[in-house]
Amino acid sequence: IFTQEQGNMNRLPDTIIPKVYNLTINPSMRTLKFTGKEQILIKVTKDSPCIFINSKKLQVVNVSLVSENQSKSWKGKIEEAKEFVDDTLKFTFEISLIPIGSYILDIDFQGEAIDGNKDFYRCADPRIQPHSGNEELVVKNSILATTFEPIFARSAFPCFDEPELKAIFQLNVMVQEKDMLAISNTPVEKINVTESGRMFQFKDTPLMSTYLLVWIIGNFEFLEQMSNTGVKVRVYTPLGRKEEGAFPLDLACKSIDFYTDYFGIPYPLQKLDLVSIHTMHARAMENWGCITFTPAALIPDIKNVALDVIHRSARSVTHEISHMWFGDLVTMKWWNDIWLNEGFARYMEFIAVAKFLPKYDIW
């Protein structure tokens with residue numbers, strides 16, 4: 001039950017609307033500490049005394065509010081929002097009321113990723129012990145990744161962390177390790193080499209919810225194929241397992257073409273990546289344009305596993321790709337309707353697998 005009673009609020013006010021996040025993340029694979037900077041273009045629809053924003057386990061260092069034409073700027077005060085249950089900050093500025101209009105919310109922050117399987121986290125190859133004492137081996141075989149569903153984006157950057165509050169994301173990710181690459185929802189636009197490493201600048205996303213944003217840093221190999229409808233599809237795997245991506249790659253290309261025809265709507269993005277992550281708190285996550293999977297869900301050894309394992313893998317792939325339309329393009333307003341996303345994707349996974357792999361008799 002979500003209430004709006006004073007001191008027990010769970011929903012952000014609808015008077016501040018995010019439009020564009022320009023977000024830069026600079027994480028360390030070794031220490032797990034990260035710094036971040038963002039400029040959020042917001043629309044204020046009613047004169048407001050403050051701005052509430054979701055943030056968890058982050059230290060906001062500075063905040064300021066800038067007029068859209070950058071002619072005026074107001075330094076902000078940061079405090080915990082007592083009006084909310086948790087995970088919310090309150091920004092007040094050097095003006096008593098923020099007038100209706102568009103502004104840039106400029107925020108500097110820092111935090112620390114976790115060794116885990118959700119939020120912003122590091123996961124090591126299960127064959128490598130994180131505390132083995134061989135730091136270089138751990139780093140080389142580790143992945144930094146995000147899994148934000150349902151409300152974990154706020155652990156990586158201050159944001160308006162509700163599914164209805166869609167925005168465009170302009171993401172920049174610093175990769176400090178020289179042999180690693182970064183992957184996100186959209187293609188890389190350019191890579192800038194700096195003293196700290198390589199800054200991966202990604203193309204703008206479409207309007208989307210915070211929980212669908214993703215970034216991944218690690219050592220990967222990939223297989224690539226174009227769907228018949230012209231979408232570039234890649235399957236990223238840990239080093240030495242590239243060939244195991246052939247089965248999900250073929251299935252993904254067929255799924256994109258099938259769903260494009262079935263829904264009557266073209267695939268909404270330029271590319272689709274399927275990425276194998278060492279550990280996750282679920283089997284897969286439908287980040288728009290960059291789906292993450294556990295190895296068991298994406299790249300099982302199809303020559304040496306039982307048929308039901310292949311069934312589950314095929315259904316995972318087709319399930320998550322159906323979300324690119326039903327869940328990502330069209331999203332529920334609030335989490336009490338998540339059953340619509342998952343129920344329909346569950347149905348579509350059987351429809352798709354029965355079409356592509358009739359010999360498996362999925363029904």
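Predicted model: local features only at pLDDT ≥ 70, side-chain atom pairs only at ≥ 80, totals over all residues.
In which handedness of crossing does H2 pass H5?

1. Handedness. The crossing in which H2 passes H5 is right-handed.

2. Helix geometry. Two packed helices are described by the angle between their axes and the distance between the axes. For helix H2 (residues 246-263) and helix H5 (residues 338-356), the axes come within 11 Å and cross at roughly 115°. Angles of 65 to 115 degrees count as roughly perpendicular, and H2 and H5 are therefore described as roughly perpendicular to each other.

3. Helix contact. On the H2 side, the contact is made by Leu251, Lys254, Ser255, Phe258, Tyr259, Tyr262 and Phe263. H5 contributes Phe344, Tyr347, Met348, Glu349, Ile351, Ala352, Lys355 and Phe356. Sorted by class, the residues in the contact of H2 with H5 are eleven nonpolar, one polar and three charged.

4. Sheet order. An open sheet is formed by ten strands, with mixed pairing and the order S3-S6-S5-S4-S7-S2-S1-S11-S14-S13. From one strand to the next, the twist averages 20°.

5. Pairing of S2 with S7. Strand S2 (residues 33-44) and strand S7 (residues 101-112) run antiparallel and are joined by twelve bridges. Valine 44 has glycine 101 in S7 as its bridge partner.

Key. Residues numbered from 1 in each chain as written. Heavy atoms only, no water. Axes fitted to C-alpha atoms, helices over the stretch in contact; angles between N-to-C directions. Helix = DSSP H or I, 4+ residues; strand = E, 2+ residues; numbered from the N terminus. Parallel < 35°, antiparallel > 145°, perpendicular 65-115°, else oblique. Left-handed = near helix turned anticlockwise from the far one by under 90°. Contact = heavy atoms within 4.5 Å. Nonpolar A, V, L, I, M, F, W, Y, C, P; charged D, E, K, R; others polar. Pairing = 2+ DSSP bridges.
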